Amino acid sequence: MEFTVAKADLVRELNLSQGVVEKKTTIPILSNVLIEAAGERVTLTATDLELGIRCSCPATVLREGSGTIPAKRLLDYVRLLPEADLTLKFLENHWAAITCGRSRTRMAGMSRESYPGLPDMPDPVAEIPIGLLSSMIARTAFAISVEESRFTLNGALLVLRPQGAIMVATDGHRLAYVEASCQMPEMKPFRVLIPKKAMAEIVKLAQESGPEGKVVLSADENHLFFYVGERLLISRKLTGNFPDYERVLPKDEGYGLTLDREEVRGSIERVSQFSDERSRAIRLQLHDGEVKVFSSSVETGESEESIPGEYEGPDIDIGFNANYLLDFLRVVPQEKVCLELKDGKSAGEFKPSGDDATFRYRYVVMPMRI
Amino acid sequence: MENIFLAKTIFHVDMDAFFVSVEELFDPSLKGKAVVVGGRPNERGVVSAASYEARRFGVHSALPLRTAYKLCPQAVFVDGHPERYRVYSKRVFSVLERFSPLVEMASIDEAYLDMTGTERLLGPPLKAAHRLHEAVKAETCLNCSIGISTARLVAKVASDQAKPNGILWVLPGQEARFLAPLPVRKIPGVGKVTEKDLRGLGIRTVGDLARLDEAVLGERFGKWGLALAGKARGRDAGGWFDSEVGAESDPKSVSHEHTFGEDTADLDVIEPVLARLAAMVGRRLREYGLHARTVQLKLRYSDFSTITRAQTLSDPTQLDTELFEQARRLFYANWKTGARVRLLGVHAGSLESGAQQMSILEEDNSRRWKAALEAADRLRDKYGESAVSLAKALKGAFAERTHENPAGLPGRKRGQRDFPEK
């Protein structure tokens, strides 16, 4: 196999495979990228058996064929080459020869025989703007559980319906919900759990594909397929029952309070420096016409701030994990946010203040017992 | 003590043959007899306590019951009654707390009191001790012995020397001289092994030990050796003895174990015992207001091979049901199916206090359980530990065995109920 490709094209596509390549070296060949040259394109495939990605770019194919070489080393090297065309050729011992300008390199590779095959993409079930999906991920992914034992919580739920899409993520302490309006009249309702790692890759694909890009979704029994432009991301499905999120979302409005996002974020960031390192507990105290946030820890000290905000409900004293609140405040784009509380023992709900034509965003956080 | 004006006055109050004395209150016919508390002579298990008469025959706590029977076949063997001991322990405590605000129940039958600065109220130490002694006797009908010193360690040794039913005051400045002639075993923390090691060095008495260069002890026994050197000179040194009387310190872990009367592989026997152990652990976690992040199972087979397996929880708990669920899961994941089990233990670790994150998915459920278990705890406080139980644990009810604080252990803080199964 032998082909010539623009360095910039190869680097861009290799970058996309880096997040997928197996990091642990349990199965050596999974550290490699599969390179296939055919027609007028070269295709790069990477997988860790949970996730797979297939990208391609135009190339001048001198001789068709395929082989595998270590993905990270290839990228690290090619990145350093001058902006020019480079030629890659597989030799008989599975090594690859790379030439570019005055550089000549031979890299150890492995036979493609033992490289796992990726499943074929079945018929599409939906097509949505990739930017929309990516924005939904940004608003929810932080709430995904980091506990590997909580298997069904290691991803987000995606529900597609004719009138729009819903994404929900929870770690058992808080829940992020986003509903995006986008008309898909032909759509049959579709409901899947997307693993966290796949979500991170979708965001990367969105960044590469520009504002007009679309993602075509499909699924077989075990896999999810996201086809974006010339790139295909394949993820193993998360199985199990996602919690009944509708039960968690508060039905009735609590006592509301509108806050300036940057002000409240700054206050919480400063005050939480003095919260218990493990629990990260801070307290919010809502009095008539006044909101106070404070925290104290035996080891480090205490800190208090009052936040400007109109509040007219009853006195509420409530504890929260500061990180949970900051997670939301760091991704919500609106300048004003609304906090609704019922009492010190019930979930608090955060949402952007004002109208948003595209997204309906709700973030529900359980308090801490203080 | 370098400066006697800064010296503290510490009382160590130790109940005389506590369990036996309590049993005598319920059955006066036991008085004056050799009595062994802990179970029947043919039962598996160990002696919880022995009366002074039985001790003359070499019977002591932690001795296997069968051995005790061989040594003293004429003894009256009675079952232990943890409930009774707790009740009397609380009564003793309520007397002690009138004498000092700083009372630390080191175990069920002994306490330290920091009496520093009570002279104007209660008189000089010896007088205060007499009043205390009489008050305990009057209100509980039980005898105790009191050791008085500037240091806790010396006070503890002094109360032991004062037994039975005596008071001994080691005058400030005389601590080392008081300890010197005593065998090294009298120092709390020195057991058989250390005693033997020291004997190898030609050290038999505390005085021998005190004459030894600290560095030599440090070299031979490490940090513990340095603490030992300090102890030999009558100072509170090393681990627990460094802390102040009454200084609150949360426990690092909570655990309960049970040895089956007969080894078993019967799940109808094993599961209820696990449930019961989990409930006992949960009760203590709630008592301390702590949540456990890890649950550990201890499993000993009939051949005495023992494994411990732990699980870290995503949300720390103090609920019996969740502790049981984890212990049960660990049991089934690790049990050699069909193998006979001798001992089971449930251990809760990585204890957390303070703010606890509530669950968004399980909150209703855990809130209900929490309320129910707290109500159950109040019933137990009033009517005894067996008043309420998880249905699963009903069949797992076993006679709780207790032991008096074995000599040498520094003891535990007040309020901590620890009656490990032997």
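Of the 101 residues in the largest nonpolar core, which touch the most other members? They are A:F3, A:I35, A:L88, A:L160 and A:M167. A nonpolar core here is a set of buried Ala, Val, Leu, Ile, Met, Phe, Trp, Tyr and Cys residues joined through side-chain atoms within 4.5 Å, with buried meaning under 20% relative accessible area, exposed over 50% and partly exposed in between (1.4 Å probe, protein chains only). Helix α7 (residues 322-331) of chain A puts in the most, at 6 residues; helices (H or I, at least four residues) and strands (E, at least two) are DSSP runs numbered from the N terminus. There is also a second, separate core of 36 residues, with B:V92, B:A111, B:A128 and B:A129 among them.

Before going further, a word on the ground rules: this is a predicted model, in which local features need pLDDT of at least 70 and side-chain atom pairs count only at pLDDT 80 or more, while totals for chains, interfaces and linings use all residues. Residues are numbered from 1 along each chain as its sequence is written, chains are lettered from A and ligands numbered from 1 in the order in which they are written, and side-chain values use heavy atoms, leaving out hydrogens and water.

The model scores ipTM 0.80 and pTM 0.68. For chain B, pLDDT (the predictor's confidence in each residue, from 0 to 100) averages 82, and 89% of the residues score at least 70. Over residues 405-422 of chain B, pLDDT stays under 50.

Still in chain B, helix α7 (residues 152-162) has 9 of its 11 residues buried, so it is largely enclosed by the rest of the structure. Among those buried are B:R152, B:L153 and B:K156.

Where the chains meet, 24 residues of chain A are in contact (heavy atoms within 4.5 Å) with 16 residues of chain B. The buried area, meaning the accessible area (1.4 Å probe) that two parts lose on being put together, summed over both, is about 1,800 Å², and carbon and sulfur atoms give 56% of that. On the chain A side, A:H173, A:M366 and A:R369 lose the most area to chain B, together 37% of what that side buries. The two chains share 1 salt bridge, a side-chain nitrogen of Lys or Arg within 4 Å of a carboxyl oxygen of Asp or Glu. B:E352 pairs with A:R278 in a salt bridge, with the closest N and O atoms 3.7 Å apart.
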